[in-house]
Amino acid sequence: MKFRSFIRPLAIAAGLVLVLGLGLLGRLTLNTPLYLIERGGQAQPQALQFVPKQATVVASVLVRPDRLADLWDYLAAPRLRQDTRRDQELIEQALLANTGLSYSRDLQPWLGEEVTAALVTPDLDQDATNGATPGYLVALLCNDSAAAQAALELYWQNRAIAGDALTFEDFSGSRLIYARRGTQQFSGEDTAQLATTLVANRYVLAANHPDVLRQALTAAQSSDLNLQSDRRYKTALKELPPSRVGLLAFNLPALNHWLHPELGETVSLTQLGATDDEVGWGLMSWQLTRQGLVGHTALLAAQGHRLHPQRATAAGWDAIAPYLPDSLAVTAVGSDLATLSQRLQPLLALTARSGHELTPLAQTIDGALGTGAANLLQSGIDRTYGLGLAAPGATSPDWLIVAPQSPALSETLEQLNDLAREQGLGAGSLDLRGTPAIAWTRLTLPKTRGLQPLQVVAEVAGLRAQIDQYEVLAASPATLDTVLHPADQTRQRPAWWLQVAQVAGPSTGYVHIDWAQVQAALVAQLPQWRLWGTAAQPALKHLREITLVSGDRSDVIQTGSVLVQLSNQ
């Protein structure tokens, strides 16, 4: 038998097996929640026509929530599925608190593939003298308008039976229903009342005040007023991948004002520390993975501002990654240290609070080695860098900087020595388990009681050492020793480094956040976090790590990604 005659039947058989296998795999994917990872949900939110374009923040889930719950349950380890379902119940209870509604009974039978929620305004009456009453809007897409109408009628019948006086109002062709309590239009108790309407037999709108519904219906009447037709939304959406399960839009100045009302009415990122490269509005598109979420971001320059263009590169940061310990709470890797704070300014502004700021690395280094130390390092590190904080929010957080040796950096370190001496610090040699190091110390005389002898104590402000071709600066001997002498004697990249492989293409830098270490500091900074963080705890307890990836930047738009690692294993 000729070889060709022998191989042809095998090739045909192999082809049939492959085709049948792919078909079977496709059917299995369609019959399991895994299709959400492969294809995502609805392409775009349709309910943005009801969201005023000046809304503070808007979140759209482009798939029915129970489908997401099914996927999470499907991927969970069998021993954890009972706990996972309990967490889902707690989340449902938090979201539907004080409504008397059940998702499976009252919403799921008619709910379509979209839920959009928006903070329309931080204060309904724009009067700071009577406190802030946010205006919230929720838009639900209907698959069965008759079932949705029946669910609404039953809800309001129960409210009437409970003693609420219902108000029916016709506005812009829709019937608004709400219950009014008390006489103060914007008193806290009154504004907590639910108001609903069914629009065009396709959308159920719910709000915490009828004024919010009036704004939503008015916005839908004019393309100049709603977010769906807004130029910023259309521009940003073009930069994002088409497959998604959710979209998040945010107005940064308005969001800053909501989070930090003590900073005044006219809050901008410039007032919060950014002198250029100010962004004003952003859009994030979310995809699902087996490990969690990937968010792709598009940030637009604020009105009247321009960004400094920067092209992402294929910089080889793999060499410096093994010198960054896993224990760091916040880690950054990049090629331009001077622009790191500019890239992080929107995030820092959102987490900053007047009189009590989350200390960035620059302020921490200046506090340890003297004002101007951070600027010296930014100018002297002219190549790839790695840095991190081990205890954000602490009085004296532990910090680390790793950078390749260079003539510019050597000159900078000499200037840093001079600056330290001017601050009263001494520079002395130190043998750190066989590796020579330099320690900047401050001599102090601690208070003693009674007849205890006086003792002079040397407080370490910072240390410096060389390893391989790198300069290493650290706040504590323990952190420096971790870099110089890894525990297993072999250098490994930090565990989170594998996450960045999920984002294809070059980048301008990474910032990694260990959520377990950062969460407490974030709660301390933001009072609003304490209000909803407790309700979200059943979901947040599965959050493990966040990695920010910077992408290209033109003069009008900056792209990037956010990797969110969850755990249910």
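1. Helix α13 (residues 373-380) packs against helix α14 (residues 407-422) at an angle of about 170 degrees, the axes being 8 Å apart. Axes here are lines fitted to C-alpha atoms, for helices over the stretch in contact, and angles run from 0 to 180 degrees between N-to-C directions. The two helices, α13 and α14, are therefore roughly antiparallel (an angle over 145 degrees). Helices are DSSP runs of H or I with at least four residues, numbered from the N terminus.

2. On the α13 side, the contact (heavy atoms within 4.5 Å) uses Ala-373, Leu-376, Leu-377 and Gly-380. From α14 come Ala-408, Leu-409, Thr-412, Leu-413, Gln-415, Leu-416 and Leu-419. By class, this contact of α13 with α14 has eight nonpolar, three polar and no charged residues. For these classes, Ala, Val, Leu, Ile, Met, Phe, Trp, Tyr, Cys and Pro count as nonpolar, Asp, Glu, Lys and Arg as charged, and the others, Gly among them, as polar.

3. A note on the source: this is a predicted model, where local features need pLDDT of at least 70 and side-chain atom pairs count only at pLDDT 80 or more, while totals for chains, interfaces and linings use all residues. Residues are numbered from 1 along each chain as its sequence is written, and side-chain values use heavy atoms, with hydrogens and water left out.

4. In the contact, Ala-69, Trp-72, Asp-73 and Tyr-74 of α3 meet Arg-81, Thr-84, Arg-85 and Gln-88 of α4. The classes are three nonpolar, two polar and three charged residues.

5. The largest nonpolar core has 35 residues. Such a core is a set of buried Ala, Val, Leu, Ile, Met, Phe, Trp, Tyr and Cys residues joined through side-chain atoms within 4.5 Å. Buried means under 20% relative accessible area (1.4 Å probe, protein chains only). Phe-50, Leu-137, Leu-205 and Leu-283 touch the most other members. Helix α8 (residues 210-221) gives the most to this core, with four residues.

6. Leu-137 deserves a look. Beyond its neighbours within four places in sequence, Leu-137 has contacts including Phe-50, Val-51, Thr-116, Leu-205, Val-212 and Ala-216.

7. Thr-479 sits in helix α15 (residues 477-484). Thr-479 counts as buried, at 9% relative accessibility. Leaving out residues up to four places away in sequence, Thr-479 touches Asp-398, Trp-399, Leu-400 and Ala-474. Leu-328 is 151 residues from Thr-479 in sequence, yet 9.2 Å from Thr-479 in space, C-alpha to C-alpha.

Definitions and conventions. Buried < 20%, exposed > 50% of the residue type's maximum accessible area, 1.4 Å probe, protein only. Parallel < 35°, antiparallel > 145°, perpendicular 65-115°, else oblique.
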